[in-house]
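Hello,

Here is the structure for your files. My notes on it follow below.

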Amino acid sequence: MAGKAGSRKKKTAAAKPAAVKEADRIFAERLGRHHDELRWLYMELYGNDAMFAELCEQMKRYYDQRNAKLKKLDREREAAGAWYRKRDMLGMMLYIDNFAGNIRGVQEKLSYLEKCHVNYVHLMPFLDTPKGRSDGGYAVADFRKVRPDLGTMEDLAALAEQCHDRGISLCMDFVMNHTSEDHEWAKRARQGDGEYMSRYFFCADPAIPAEYEKTVPQVFPTTAPGNFTYLPQMGHFVLTTFYPYQWDLNYGNPRVFNEMMYNFLYLANQGMDIIRIDAVPYIWKQMGTNCRNLPQVHTIVRMMRMIGEIVCPGIVLLGEVVMEPDKVAPYFGTVEKPECHMLYNVTTMATTWNTVATRDARLLRKQMDIVCSLPREYTFLNYLRCHDDIGWGLDYGTLSSWGMREIPHKRFLNEYFQGKTEGSVSRGELYNEDPITQDARFCGTTASMCGVESAGFEQNAFMMEQAIRKDLMLHAYMFTQSGIPMLYSGDEVGQVNDYSYKEDPDKAPDSRYIHRGAFPWELADRIEEKGSVQEKIFAGLLRLEKIRAGEAVFGADAQVYTKDYSDDSILWIVRRSGEEELHAVFNFSDEGKTIWMPERAVYTDLVTGVTEEVETVELSGWDFLWMKKH
Ligand code: GLC
């Protein structure tokens, strides 16, 4: 008997089943496509053959572990090309606990997300993180464990499967710049283990931090000043660009790179579709520089892209590059050697709010012209608000040529959005005011910044109408941009600022929690109630989403450009696809305007559905037009 079983076993080992052979062939082919470049870059950075061999071996291991359904999806997506550039792609970012308590709760709410037409869900950080030292989940203690109150890895994989069955993609954060001080590596480093200390940046000599501080700006100048943290028990400083409990990883050490890539592949194998690379510009440090956007960062992202394409090519890398305008697009890499698939359109977002405050669309137009001139393969994620502050990263070169200097202009914007300026209906709070540079950023929800909060407080129906109009116009503008629109959970029902964070000592110092409130299900219940604020916003958005999904001019390959118009508060965008031409006109002012169409012709107003010959159209303050030319 034993002999028989043994001989059968031998047989299977010698002749692999056809499916395994095919899988091996696919892997070998993908590896073959990238091997030389990957090896070249790896050796250039690390010069370590053994570690490169280990990386290749592990890639195969993660590929073998990837389940059949995901592998099938990979092949379909590979064949489809840029699968995520669909015209009906609509994202929403949400906190699992705020939205539905835990992962299983999210599963139960999938039909609500479908009702919102959302087919791409960004689950905000959910990995294990120490309470009270979490930076909203961006201080990860274990990359392979879900925060226990939210569920388990199995729950996550089950959610991903259910989402895939409904055509929904899932996005998660990959916080690769740092770990929590409670991460296993950090704990060992704290015990003085040199192997683990070399995974971070430690130094005993205070001259080193002092030297760094000369050239490295501060991310959290008020809530976490400085870039180093002194650990008295160790007698060492550790590099902490963000909060003191977030220890920066040393990517100069190939062990760090390899292990983090394995974590990335592990998470991809749970069924994640989009991996958001958190704080990516910061991952390489060098004394004497500002430690941002260094060339090695691009090498690492390029390697990560290739590793993804070898093991799990269905995955999309979304880079979080919140930097000044000219530093963002390089993270796409080149068309031949791409890095990130998608980037946040952060400059456009900040410039949009700048336009709301100044009622001057010139800078926004200039910004759009820059974005529109980039290769069409570059996909931006467009958004109005996210979980972070607005950093006012504008094109100050241009603004100063128009007589607006950076610090006074930022002050104006911050005063405006706090509602301190005559005529402003916005509400919100400052973030990380820096007494030295006098810089400050801003926090608040879209609805509060548009005036829904102040109108509600004053019970002023006229103001409310205007606030809703502004809110919908900004969303329509976001849908008109080239790229993928992303809603911030709660925006679809006009969720306003939540001041209760001030009562929680863990959150009180961080005003970003003002726009991270629990999802107001009681408001979501009112979306069917005709005439309610929630119904107007929800139904208004739905109308826009349907139009966008149904019209070819909103396709990813449409040509998008701006058009000159005599009035600075008007932003005019044209989208062209084949024979079709859309004229999208946005009125960034309180006053009604008469809009002169480029020529007297027949247009369909996509919002009202009316088709007629027009030469001029009356446009109310903060309203927009989507006119399709015939
Ligand atoms: C990213 C996140 C932000 C976090 C930081 C540090 O910028 O969006 O919320 O504080 O990274 O991880």
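Thr-129 touches Ser-134, Gly-137, Ala-139, Ala-141 and Arg-147, leaving aside residues up to four places away in sequence; a contact means heavy atoms within 4.5 Å. Thr-129 sits in the loop between β3 (127–128) and β4 (142–146), and it counts as buried at 12% relative accessibility. Buried means under 20% relative accessible area, exposed over 50% and partly exposed in between, with a 1.4 Å probe and protein chains only.

This is a predicted model: local features need pLDDT of at least 70, side-chain atom pairs count only at pLDDT 80 or more, and totals for chains, interfaces and linings use all residues. Residues are numbered from 1 along each chain as its sequence is written, and side-chain values use heavy atoms, with hydrogens and water left out.

Helix α15 (residues 346–358) packs against helix α16 (residues 362–372) at an angle of about 160°, the axes being 9 Å apart. Helices are DSSP runs (H or I, at least four residues) and strands likewise (E, at least two), numbered from the N terminus. Axes are lines fitted to C-alpha atoms, for helices over the stretch in contact, and angles run from 0 to 180 degrees between N-to-C directions. α15 is therefore roughly antiparallel to α16, a term for angles over 145 degrees. On the α15 side the contact is made by Thr-347, Thr-348, Thr-351, Thr-352, Asn-354 and Thr-355, and on the α16 side by Leu-363, Leu-364, Gln-367 and Val-371.

On cysteines, the count is 0 disulfides, a disulfide being a pair of cysteine sulfur atoms within 2.5 Å. Cys-386 is in none; the nearest cysteine sulfur, that of Cys-443, is 9.5 Å away.

Regards

Note on methods
Angles under 35 degrees count as roughly parallel, over 145 as roughly antiparallel, 65 to 115 as roughly perpendicular and the rest as oblique.
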